[in-house]
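Here is my note on the model you sent.

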Amino acid sequence: MPAAPARAMPVREIPTDSGLDPDSGSGLCLSGGGYRAMLFHLGTLWRLNEAGRLRGLDRISSVSGGSITAGTLGLRWSKLDWQADVATNLVAEVVEPVRELARHTIDVRSVLSGLLPFDTIGGEIAKAYRKHLFGDATLQALPDAGAPRFVLCATNLESGVLFRFSRPYIADWRVGMIPDPDTSLADAVAASSAFPPVLSPFTLDLSDAQWETVEGNDLATPDYRGKIALTDGGVYDNMGLETVWKVCRTVLVSDAGGQMAADDAPPSLWPTQMLRVLAVIDNQVRDLRKRWTVDSYVRQQREGAYWGIRSLVRDYGLPDPIVDPPDAAVLALAEVPTRLAELPDETQERLINWGYAICDTALRRWVDPQIPRPAQLPYPSAGI
């Protein structure tokens, strides 16, 4: 693989950046990928927690399915019982509620209901999130000082850049910033996971919000500060890298993005052919970000590790992995559809096990070899 230029990075520098060479801080990036990603990332959180690494994170950035998991963790952070930097009730407070959502199909019903007058597909998805996970919580329910900053990322179809939801502010570097937002957490997650074309766009009405104009806001006009059309955060930043890379020296990336399957008879009709074309584009952008991320570790521009649902344990060179599943098993999990559709408990447990195992592999190989090897997978009988 040809090396990237010395200053090549997987993120875009913008006017408000204060420099892209942080000397401290650690962050976690959670990619998109529907329920598949949501469950894979539960395994990541499980392993990071056991290793005593979850509590010490400074930032957790997420897109799409990763935002379902991150939003749940953020909402329940204050309920976690920390003993020696390990949350003893993470499974009860975070894992089980997310798994319960995965027992329900919410995309089809939301699409059908969203076609009715006075309803929208995005609004129905938010309603489902509200019912199963977030209730009436707003962004102000996310943790404050002394805990990671949670950043849920969507893509602004109007400005063409990242749209960030967090407790301190909502921001789009071209449009402006809203401090101390009272936007519902369910709406933020629904915007972040508005997968195109079916679940997109999610329309968020911010016309009554108190916008602030900061450096670089070239779209600071009422036309862009009213009803904003948002889509999946993965459209702009498919691994949730942007908001961690710019402020943290240690960057951990959990990537549940799948791989586009080969097709010996691609569609010729332009609507379906366009979906295939978009898949090719997404696949190339994801691979480019991944290559530049890993190359930045090699160049010591950042510390940390990347692990993905398509990763192979043997490629990490860890002498004592907890498991080394066959390629076919890894591929089967990577090919679980990226829908918001019910998944059997066994599939859920295999996805969580795999997120746990490959996170453990990357952590002990590239972050801290002194982390003790775990005794078993979260769900030993399910395997991978």
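1. Terms and provenance. Buried means under 20% relative accessible area, exposed means over 50%, and partly exposed is in between, with a 1.4 Å probe and protein chains only. Helices (H or I, at least four residues) and strands (E, at least two) are DSSP runs, numbered from the N terminus. The model is predicted: local features need pLDDT of at least 70, side-chain atom pairs count only at pLDDT 80 or more, and totals for chains, interfaces and linings use all residues. Residues are numbered from 1 along each chain as its sequence is written, and side-chain values use heavy atoms, with hydrogens and water left out.

2. Helix H9. This helix covers residues 327-334, and Ala329, Val330, Leu333 and Ala334 are buried in it. Down the axis of H9, these buried residues fall within an arc of 135 degrees, so they line one face of the helix. The arc is that of the directions from the helix axis to the C-beta atoms. What do the buried residues of H9 pack against? They pack against helix H1 (34-50) and helix H10 (345-367). Contact, here and below, means heavy atoms within 4.5 Å.

3. Leu351 in H10. Leu351 sits in helix H10. It is buried, with a relative accessible area of 0%. From Leu351 to Ala382 the separation is 31 residues in sequence and 9.6 Å in space, C-alpha to C-alpha.

4. Helix H4. Which residues of H4 (residues 107-114) are buried? They are Asp107, Ser110, Val111 and Gly114. Viewed down the axis of H4, they fall within an arc of 100 degrees, so they line one face of the helix. Arg109 and Leu112 are exposed on the other side of H4. The cover over the buried residues of H4 includes H5.

5. H5 against H6. The axes of helix H5 (residues 121-134) and helix H6 (residues 185-192) come within 8 Å and cross at roughly 125 degrees. Axes are lines fitted to C-alpha atoms, for helices over the stretch in contact, and angles run from 0 to 180 degrees between N-to-C directions. H5 and H6 are therefore oblique to each other. The cut-offs are under 35 degrees for roughly parallel, over 145 for roughly antiparallel, 65 to 115 for roughly perpendicular, and oblique for the rest. H5 passes H6 in a right-handed crossing. A crossing is right-handed if the near helix is turned clockwise from the far one by less than a right angle, and left-handed if anticlockwise. Gly122, Ile125, Ala126, Tyr129, Arg130 and Phe134 of H5 meet Leu185, Ala186, Asp187, Val189 and Ala190 of H6. By class, this contact of H5 with H6 has 8 nonpolar, 1 polar and 2 charged residues. Ala, Val, Leu, Ile, Met, Phe, Trp, Tyr, Cys and Pro count as nonpolar, Asp, Glu, Lys and Arg as charged, and the others, Gly among them, as polar.

6. H2 against H6. How do H2 and H6 run relative to each other, and which residues are involved? The axes of helix H2 (residues 65-76) and H6 come within 9 Å and cross at roughly 160 degrees. H2 and H6 are therefore roughly antiparallel. Their crossing is right-handed. Ser67, Ile68, Gly71 and Leu75 of H2 make the contact with Leu185, Val189 and Ser192 of H6. The residues in this contact of H2 with H6 comprise 4 nonpolar, 3 polar and no charged.

7. Cis peptide bonds. The bond from Pro196 to Pro197 is cis, with omega near 0 degrees. The bond from Ser200 to Pro201 is cis, also with omega near 0 degrees. Pro197 is in the loop between H6 and strand S9 (202-205). Pro201 is in the loop between H6 and S9.

8. Positive phi. Ser64 has phi near 55 degrees, a positive value in a residue other than glycine. Ser64 lies in the loop between strand S2 (59-63) and H2. At 5% relative accessibility, Ser64 counts as buried. Asp85, not a glycine either, has a positive phi of about 65 degrees. Asp85 is partly exposed, with a relative accessible area of 38%.
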